[in-house]
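Hi everyone, thanks for coming along.

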Amino acid sequence: MEQYGDMLLRTAWLLLRDRQSAEEAVQDTFIQAYAKIGQLKDPQRLRPWLITIVVNRCRMRQRTWSWRNIFPAPEGGAWVQNEAGASAGAEELFIAEWHNLQLSEAVRSLDYIYRECLTLYYYHEMSIREISGQLRLPDNTVKSRLSRGRTLLKQILEKEGHAL
């Protein structure tokens, strides 16, 4: 399950906007998955099953009050993965990392319902039908949240002077 750790951590971080809470949600995910692994009938469904668990853990954390609401942890440096490739030069890597960070910050500034749909759709490449099944929402609700989330994201990035 270690191979899924980074994927789940990034998902939780985008949803919760706090690295420590994200790490706790992922840890809770692995504990719950270990305890209920017998319920997983098809090993090919492990990835979506873990995503479902981490999204549910994030929802639970979003609903519960924490002292971190008063004393948030600093996020300097944040969570950025290098997706530019090893052959790129230092300048290209820096620019790619900076754009990735700007986009992540913009996504994290959205309301939870939009972050959730955008993260599942773009980061996990889930279809609208898969997202609606996972979140137990009608397809049209997922479509409207994606549309509204994209619009808000575009407005945020344009306001900050970044092209989408």
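This is a predicted model: local features need pLDDT of at least 70, side-chain atom pairs count only at pLDDT 80 or more; totals for chains, interfaces and linings use all residues.

**A walk through the helix packing**

Is Leu 50 buried or exposed? Its relative accessibility is 0%, and buried means under 20%, so Leu 50 counts as buried. Now look for Leu 8: it sits 42 residues away from Leu 50 in sequence, yet their C-alpha atoms are 7.8 Å apart in space.

That pair takes us to two helices. Two packed helices are described by the angle between their axes and the distance between the axes. For H1, residues 5–16, and H3, residues 46–63, the angle is about 30 degrees and the axes are 10 Å apart. Angles under 35 degrees count as roughly parallel, so that is the term for H1 and H3. Their crossing is right-handed.

Which residues of H1 and H3 meet? From H1 we have Met 7, Leu 8, Thr 11, Ala 12, Leu 15 and Leu 16. On the H3 side they meet Arg 47, Leu 50, Ile 51, Val 54, Val 55, Cys 58, Arg 61 and Gln 62. By class, this contact of H1 with H3 has ten nonpolar, two polar and two charged residues.

In soluble globular proteins, nonpolar side chains tend to be buried together. Here the largest nonpolar core has 39 residues, and the members touching the most others are Leu 8, Val 55 and Cys 58. Which helices supply at least two residues each to this core? They are H1, H2 (19–35), H3, H4 (90–108), H5 (112–123), H6 (128–135) and H7 (139–159).

Setting aside neighbours within four places in sequence, Val 55 is in contact with Leu 15, Tyr 112, Glu 116, Leu 120, Gln 134 and Leu 135.

Some of those names come back in my last stop, H5 and H6. The axes of H5 and H6 come within 10 Å and cross at roughly 135 degrees, which makes H5 oblique to H6. Again we have a right-handed crossing, with H5 passing H6. In H5, Glu 116, Cys 117, Leu 120 and Tyr 121 meet Ile 128, Ile 131 and Leu 135 in H6. Sorted by class, the residues of this contact are six nonpolar, no polar and one charged.

That's my tour, and I'm happy to take questions.

Conventions: Residues are numbered from 1 along each chain as its sequence is written. Side-chain values use heavy atoms; hydrogens and water are left out. Axes are lines fitted to C-alpha atoms, for helices over the stretch in contact, and angles run from 0 to 180 degrees between N-to-C directions. Helices (H or I, at least four residues) and strands (E, at least two) are DSSP runs, numbered from the N terminus. Angles under 35 degrees count as roughly parallel, over 145 as roughly antiparallel, 65 to 115 as roughly perpendicular and the rest as oblique. A crossing is left-handed if the near helix is turned anticlockwise from the far one by less than a right angle, and right-handed if clockwise. Contact means heavy atoms within 4.5 Å. Ala, Val, Leu, Ile, Met, Phe, Trp, Tyr, Cys and Pro count as nonpolar, Asp, Glu, Lys and Arg as charged, and the others, Gly among them, as polar. A nonpolar core is a set of buried Ala, Val, Leu, Ile, Met, Phe, Trp, Tyr and Cys residues joined through side-chain atoms within 4.5 Å. Buried means under 20% relative accessible area, exposed over 50%, partly exposed in between (1.4 Å probe, protein chains only).
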